[in-house]
Structure formats: C-alpha cells, structure tokens
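Please consider the model shown below. The paragraphs that follow lead from contacts within a chain to the contact between chains.

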Amino acid sequence: MSPRTRKILEFLLNNLVWLMLVVVLALFSALIPNYFQLGIFANIIEASSVLGVMSIGLAIVIITGHMDLSVESVAALSAMAVSILFCSAGIGLGYKLSPEWLMVPVSLAVACAIGALIGFLNGVLVVKLKMSAFIITLASFIWVRGLVLAVSGGRSAQDLAPAIRWFAVERLFGIPLSAWIAIACFLIFSIMMTKTPFGRHLIMIGGNETAAFRAGIPVKRNLIIAFIMAGAIAGLAGWLLSVRTSGATANLGVGLLFNAFAAVVIGGVSLKGGVGALPGVYAGVLLLSAINTAINLMGLPATYTQVIHGLLVLAAVLLDTFKQRLHQRLA
Amino acid sequence: MSEKLLVLDNIRMSFGAIEALKGISFSIGKGEVVALLGDNGAGKSTLVKIISGGQKATSGRMIFEGQEYQANTPAEAKAAGIETVYQDLSLCTNVDVVGNFFMGREITRKIAGIPFLDERAMEEITGKALANAGTRIPSLRGKVEHLSGGQRQAIELNRFVHWGGKLILLDEPFAALGVEQTRRGLEMIRHVANQGIGVVIITHIMQQAFQVADRIVVIRQGVVAGDVECSKTNADAVIGMITGQTLAGAGAASN
C-alpha cells in the first residue's frame, strides 16, 4: 500500500462518523419526501443543542479515562433552579432584575455554578478517595434527580422571563441562538482539548495515568477540573433546556444521558479513555438528531427511536473494534 | 572521587510488615555512573521510586547537592533535576511522538493570556534530538502505539538525554532494545555522564554494568551487599555479592 492511500484511509477512518452523517443525510434526502429542506437541517441542528452541550462534558471525562453518569440529572437540577428563579407561572418565583438582560448572566452563572459544585463533589470523591467514578456518579445521578423532585415538589415552572427566552427565539442564519451556543461550545472545547497543554494532559491521563504522573503532570488536580467542567457544562445544557422549553418539569431531560452516551460512542470516543475528539462527538449528536427527524417525518411511532438508537450504539462499538483492527493492519 | 551529588543515608522502606529496604546508604558523584545490581525483589526499583518521588521512604535521609532532599511527587524530583526512565515504559501510546517527548513540559505561546501548544517548535526540537541520537522513527506525528518496543524505548532514552538535569535514574532501560540500539544507549549514558550528570542504572546484565559503570552497588535483601569500583572487581565477585556467597571479598562495603 502506498503511503498516500494509507494516509487517505487513515483520514477516512478517523473521520468515519462525519462520513456516516453525510451518507445518512444523503440517503434520507433521497428517500424521504420533504427531508431535503433548509428548514429541516436547521431543525436538526437546533434539536441537537442540549444533547450536544451535555455530550461535551461527558466526552471530556470519558477521554480522561473516567465516567460521569450524573450529567443528565445535573442538567435537570440547573434547569429547575433557573426556572424556579425566573419563571412567572407554576412554581416559578418570577424574580425580575433590571435591566432585564442582567437575568441572562445571572441565570447562566446559577446553572453553571450548580453543575460545577456537583462536578467538584464527584471529582473529589473519585480522585482523592479513589472510589469508582461509575458508582460515585451513578449515586449523583440518583440523588441529584431526587433533589429536582424535592425542590419542585413534582410540579413544574412555566413562562421563563422573555429576556432569557430570547436565546431560543432569536435566529442567526436561520438557526436559533441556543444552537449557536452549542456550536460555540464545541469549538471552544475542541480547541481546549487539542491546542492547549491542559487538554493535551487530559488526553495523556486517559492514555496512561502513571506515565502522566511520572512526567510531572498534576494528574489529580486536572482530573478534578475535568469533573468540574463536565458538571458546569451539564449546567449549561440545563440552562439551554429550560430556555428551549421555557420552564422546567420534574422529569425534564429524562433519558438524555443514554443519548449522550450514544453520541459520544458513535462520535469515536473510546470508553477505555485517551481516544476521541469533540468534533466527532458533535457529528454523533447530529447523526442521532438526523435519524430522529427522519423517524418523525416518516410518521413512524416515536417508540422506535430508542430501538434505533440502541442499534446505532451497537453499530458504533462494532465499528470501533473494526477500526482498531484496520489501524493495526495499517501500522 | 568527584563531588557528591546524591547521598542516601539509611533509607528504610516498609510495606506493612514487610521491610523492603533495611537501611540503604551509598552515594553518587557528579558525572559518575553507578550500576545498581541485585536479584529480583532485592529492592532496586523501590529505591528508584523513592529517589524519583514516586514513593515516600519510611525513614532515612537524602542529601542532593549538599541539601536535604525529599520529593513528594515526580514533579518535585524533576524540578530538582532528577530524571527517571522506568522499567515499564512511561509513554502515552495514544499521543504522537512529539507529544510524548514534551510530556509535562510543553512549549507554549500565549495568546490573550491563554497558553497554546507550539507544535511546530516542539516538532523541530524532537526531530533534532532524535536525529542526533541516530533514532529513526517514520513519523513524528504518528501515535506511539504504532511504534515497536525498541522505538518506544529509544524515545524514552532520547527524552532523558535531551532534558538532562543533574541526576538520571534508569530502571532496566535496555530491556526491549536490540544489540545495536543497546550499544548506542550505553554510549548515550557515557555521553551524559561526561557532561557531569550523575547516572544510576539498574540492570540484570553484568556485561552492561561493567561496560558503562564506574562503580557497582549491589543490593541484597534490602541492604547494600557491596559497593565497589568496577576496575577493582570482576563479574564473578559481583555475582557472589548478588547471591550472597561472598560479602566482602571485593573491596570495601559502604560502611
């Protein structure tokens, strides 16, 4: 095999999920009537904003070789906190700030701070007390959701303050600002992971924690920061969720965790840690969203989405193994 | 003998009821190559970990460049100028060659106060360092997982030669190397020692020890069983010290 074909093959393997996305979009456009419209594509991007943001945090923690199952509940708690503070109906307290735009940074800060706090707790328990991240964050997944139920009393808040709601309404190039926030997050955190020493160190920790420690990288500190980031990003996802739905219900976002997982795995992030990149994760999110939209358009019962997502995850894992074998053969 | 670089004074290490090191004392001079020999489980690797900040000694003192020294983390040991090449390789195979070469001390450029990796500068330095050492690696941007065991070990060795420092600890550095690469590795060790850097090398191969070391320190069952200059002993005497057949025989012990 010539070096050039090898390079091309490797490039395709590394960006397989984008290829899949293009193929799927092309197939759907050809086969499903009314699929090929700008509005549909904008809708795919919009529908993937919350899941996308949440997947970033999850992916970062998985790349460092750990796990954060709590992101879904954290997002729900942040959404509930923002909604209780700034919704005017239901259990909303309807706080007003003047000038009105001040509510945007305040609500964002509240959402991210809640997430960061829970992330910090997860991180300290996992890193300092050396407990299994799977168990610790599973516990957080449960108790944080419990907290959502407790503070809401099972009821919901509606009518989010228009100043915050603005982000879901206002559009730039046909795409709502909330979706642009997700895209911006992918850009920023992709740059962080690939271009800064901090991101590089996280990838190294995921690859070989001992080697990173021996090289003088502050492994524990970096891991805790990764958990804090995952929490804060989940908080941002929660903020987006409350903006999109203009409020919050006690069971808001249930099931998002598994979709986030699917997106991360489909996006090429290895659950063993150390492997994966955020742009791929975004492609994974878009792929899920594209399939959901197709199911809706075809009028299939929405119950099938779960089956298809599950099969997709299976396919992704199979592809990953296949890819690794090919890689070895190429090497 | 040259100036003392590192002095170990009665280092003890216990794991629960097991005493791995029972009072180790010896010293390393500047520009001196000390071969640390001993049977499996004699405590050599434990000793290396204590010096390099991977583990904390139960008791004892270390004096590095005339000052009390104690490393709580590998980062502290590195800051003091002590580099370590471990038996099990310390490479992140999921990262490329350049990334591994600069692991933990990346060159950065600040843009708006945020440090960004300066990949081009790092690639240039890595390429030069590897070329100088005669190591041939197909692509500096290829992930280390695609490299052979020998190439990986060569990267580690070149890394320590490049970063230098004041003292280098090598824990069986040639385990995966071929004949030619080993020869070059031994040359590298002499080369860094000539620059005044102290070197401690753990090895099982007697021939290597005699080839490269100035002095041989034998550890047996957690104590120093022999501390002799290479020129004043021979392989048989050293083997005797390792297995415990002779104790003195080959020159003065540490005390």
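**Salt bridges, helix packing and the chain interface**

A:Arg145 and A:Glu72 form a salt bridge, with their closest N and O atoms 3.2 Å apart; the term denotes a side-chain nitrogen of Lys or Arg within 4 Å of a carboxyl oxygen of Asp or Glu. Because A:Arg145 lies in helix α7 (residues 133-152) of chain A and A:Glu72 in helix α5 (residues 71-86) of chain A, the pair ties together parts that are 73 residues apart in sequence. Helices here are DSSP runs (H or I, at least four residues), numbered from the N terminus. Over all chains, the rule counts 18 salt bridges.

This is a predicted model, in which local features need pLDDT of at least 70 and side-chain atom pairs count only at pLDDT 80 or more, while totals for chains, interfaces and linings use all residues. Residues are numbered from 1 along each chain as its sequence is written, chains are lettered from A and ligands numbered from 1 in the order in which they are written, and side-chain values use heavy atoms, with hydrogens and water left out.

Helix α12 (residues 219-245) of chain A packs against two other helices. Its axis and that of α10(A) come within 10 Å and cross at roughly 105 degrees; axes are lines fitted to C-alpha atoms over the stretch in contact, with angles running from 0 to 180 degrees between N-to-C directions. The two helices are therefore roughly perpendicular, a label for angles of 65 to 115 degrees. In this contact (heavy atoms within 4.5 Å), α10(A) contributes A:Phe198, A:His201, A:Leu202 and A:Ile205, and residues of α12(A) including A:Leu223 and A:Met229 meet them. The contact residues comprise eight nonpolar, two polar and no charged; Ala, Val, Leu, Ile, Met, Phe, Trp, Tyr, Cys and Pro count as nonpolar, Asp, Glu, Lys and Arg as charged, and the others, Gly among them, as polar.

Between chains, the contact takes 22 residues from chain A and 22 residues from chain B. The buried area, meaning accessible area (1.4 Å probe) lost on putting the two parts together and summed over both, is about 2000 Å², with carbon and sulfur atoms giving 63%. A:Arg200, A:Met204 and A:Arg214 supply 36% of the area that chain A buries against chain B, more than any other three residues.

One salt bridge is found across this interface: B:Glu119 pairs with A:Arg200, the closest N and O atoms being 2.6 Å apart. On the side of chain A that touches chain B, α9 (177-195), α10 (197-207) and α11 (209-214) each supply at least two residues. The largest share, seven residues, comes from α10(A).

Note on methods:
Parallel < 35°, antiparallel > 145°, perpendicular 65-115°, else oblique.
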